[in-house]
Amino acid sequence: THRIVLAERPQGAVTPANFRAEDAALPPIGDGQFLVGANYLSLDPYMRGRMDDRKSYAAPTPVGGVMEGEIIGTVLESRHPGFSVGERVAGRLGWQTHAISDGTGLVKLDDRFKPITTAVGVLGMPGLTAYSGLLTLGKPQPGETVVVAAATGPVGSLVGQIARLYGARAVGIAGGAEKCAYAKQELGFDAVVDHRSPTFADDLAAACPDGIDINFELVGGAVWQAVLPLLNNFARVPVCGLIAQYNGSSGEQVDHLPAAMRIILSRSIMMRGFIVGEFWDQRPKFLDEVSQWISEGKIRFREDIVEGLDNAPAAFMGLLEGRNFGKLVVKID
Ligand code: NDP
C-alpha cells in the first residue's frame with residue numbers, strides 16, 4: 001500500500017513537513033477479512049484535531065501512524081462471508097491506497113450514492129452533521145433567521161438549504177466573491193456575506209434585520225464575534241465546528257467569555273456542542289430524506305476533487321484556509 005503518515009505534530013499551522021509518504025507491504029488477508037482498494041479519500045477539518053496530542057473526543061493519531069480518514073473503496077479480495085469482490089464500501093481506513101478490513105465500521109454503498117463521492121459528502125458524515133444538528137438542536141421555524149458560515153462547504157451548504165425547506169430565512173457567510181455568488185445563486189441562500197470584507201460585521205447585521213434565531217456555528221473566531229451581538233432572545237446555537245481556531249491562532253488572545261456569557265444569560269440563549277456520532281441512529285431517515293430532496297432538485301451540492309494521494313497534504317492545508325470550493329475529496333488512481 002502507498003500511504004501518508006503523520007511525520008511530526010504541527011506547531012500551529014500545518015506544513016508539508018508534518019506528512020510523509022511511504023510504501024508498505026500488507027500481509028495476506030486472513031479468514032473474516034478482505035482487501036479494499038481505495039478510489040477516493042475524504043478530507044475533513046476534524047483531521048487537524050487528530051494531529052495534535054491533546055484530550056479530545058477521539059484519540060490522536062500517533063506520530064508515524066497513517067493519517068486518519070474515510071475512504072470510498074472497492075473490495076478486491078475477500079475471505080469474509082459478508083463482503084464480496086467488487087462491492088463498494090466506505091469507512092475510516094486512512095490515507096492509503098489499500099487496506100485490510102474485517103468490516104468493522106464500514107458501510108456498503110448502494111446506487112443511491114450518485115456520484116459515489118456523495119457517500120463522504122452530502123450523503124455522508126458532513127450531510128448527517130448538517131441534518132441532525134439543524135433539525136434536532138436548531139429546530140428551525142418558519143420565518144426565523146438561520147445563519148451559517150462555510151456556506152459553500154458540505155455542512156454549511158446543507159444547513160442553509162434545509163433551513164429554507166423548513167421555511168426559515170437562510171443567511172450564509174463565505175470567503176470571497178466567487179463563493180458568495182455561488183451560495184446565493186446556486187444554493188439559494190436569501191443573503192450571503194463575505195467574511196473577508198473589512199465591513200463584514202456591519203454587512204452581517206444588515207443581512208439580518210430581524211436578528212438571528214439560529215446560528216449553526218462552524219467557524220468561531222471573528223465570525224462568532226460578529227454573530228454574538230445579533231442573537232435574538234431564545235436563539236439556538238448548535239456548536240459544530242471552530243475551524244478558525246484549529247491551527248491554534250484566532251480568538252485565543254482576547255477573553256471574550258464574560259461578554260458572551262452575559263448575552264447568553266440575558267437573552268436566554270441555548271448553546272449546545274455536538275459530535276455527529278451522537279446522531280448516527282438518524283442515518284437511515286437522513287439518507288431517505290436528503291437523497292429524495294436531491295432527486296427532486298431541492299438540494300444541490302458541490303464537490304472539489306483533487307487527483308492523487310500524494311496531493312492530499314497540500315489539499316488538506318488548503319481546506320483549513322478556505323482554498324477548497326465544495327466538499328474536498330481526493331481521487332486515488
Ligand atoms: P468545508 O468544506 O466547509 O471547509 C472548511 C471551510 O471553512 C473553508 O472552505 C472556509 O470556507 C471556511 N473557513 C476556514 N477558515 C475560516 C476562517 N478563519 N473564517 C471563516 N471561515 C473559514 O468543511 P466542512 O463542511 O466539512 O466542515 C465545516 C465545519 O464543520 C468545520 O468546522 C468542521 O470541523 C465541522 N464539522 C463538525 C462535525 C461534528 O461532528 N461536530 C462533523 C463535520 C464537520 P470560506 O472560504 O467560505 O470561508
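These legends accompany close-up views of a predicted model.

**View 1. Two domains make up the protein.**
The protein is divided into domain 1 (2-121 + 301-331) and domain 2 (125-277). Domain 1 is built from two stretches of the chain, 2-121 and 301-331. Taken over C-alpha atoms, the centres of domain 1 and domain 2 are separated by 28 Å. Their contact takes 17 residues from domain 1 and 16 residues from domain 2. On the side of domain 1 that touches domain 2, eight residues are nonpolar, five are polar and four are charged.

**View 2. The ligand lies between domain 1 and domain 2.**
Both domains give residues to the shell around the ligand, so the ligand lies between them. The ligand is surrounded by 32 residues. The closest are Gly 153, Gly 175, Gly 241, Ala 244 and Gly 322. By class, the shell has 19 nonpolar, eleven polar and two charged residues.

**View 3. Helices contribute to the shell around the ligand.**
Helix 2, helix 3 (154-165) and helix 6 (221-227) each supply at least two residues of this shell. Helix 3 gives the most, with three residues.

**View 4. Ala 174 is a buried residue in a strand.**
Ala 174 sits in strand 9, which spans residues 169-174. Its C-beta atom has 29 C-beta neighbours inside 10 Å. Burial requires 20 or more, so Ala 174 counts as buried. Beyond its neighbours within four places in sequence, Ala 174 is in contact with Ala 151, Thr 152, Lys 179, Cys 180, Ala 183, Val 192 and Asp 194. One of these partners, Thr 152, is 22 residues away along the chain. The C-alpha atoms of Ala 174 and Thr 152 are separated by 6.9 Å.

**View 5. Pro 142 is an exposed residue in a loop.**
Pro 142 is found in the loop between helix 2 (125-138) and strand 8 (145-148). Within 10 Å, Pro 142 has 8 other C-beta atoms. The cut-off for exposure is 12 or fewer, so Pro 142 is exposed. Leaving aside its neighbours within four places in sequence, Pro 142 is in contact with Gly 167 and Ala 168. Leu 165 is 23 residues from Pro 142 along the chain. The C-alpha atoms of Pro 142 and Leu 165 are separated by 9.3 Å.

Definitions and conventions:
Residues numbered from 1 in each chain as written. Predicted model: local features only at pLDDT ≥ 70, side-chain atom pairs only at ≥ 80, totals over all residues. Helix = DSSP H or I, 4+ residues; strand = E, 2+ residues; numbered from the N terminus. Contact = placed C-beta atoms within 7 Å. Near = placed C-beta within 6 Å. Nonpolar A, V, L, I, M, F, W, Y, C, P; charged D, E, K, R; others polar. Domains from an automatic or database assignment.
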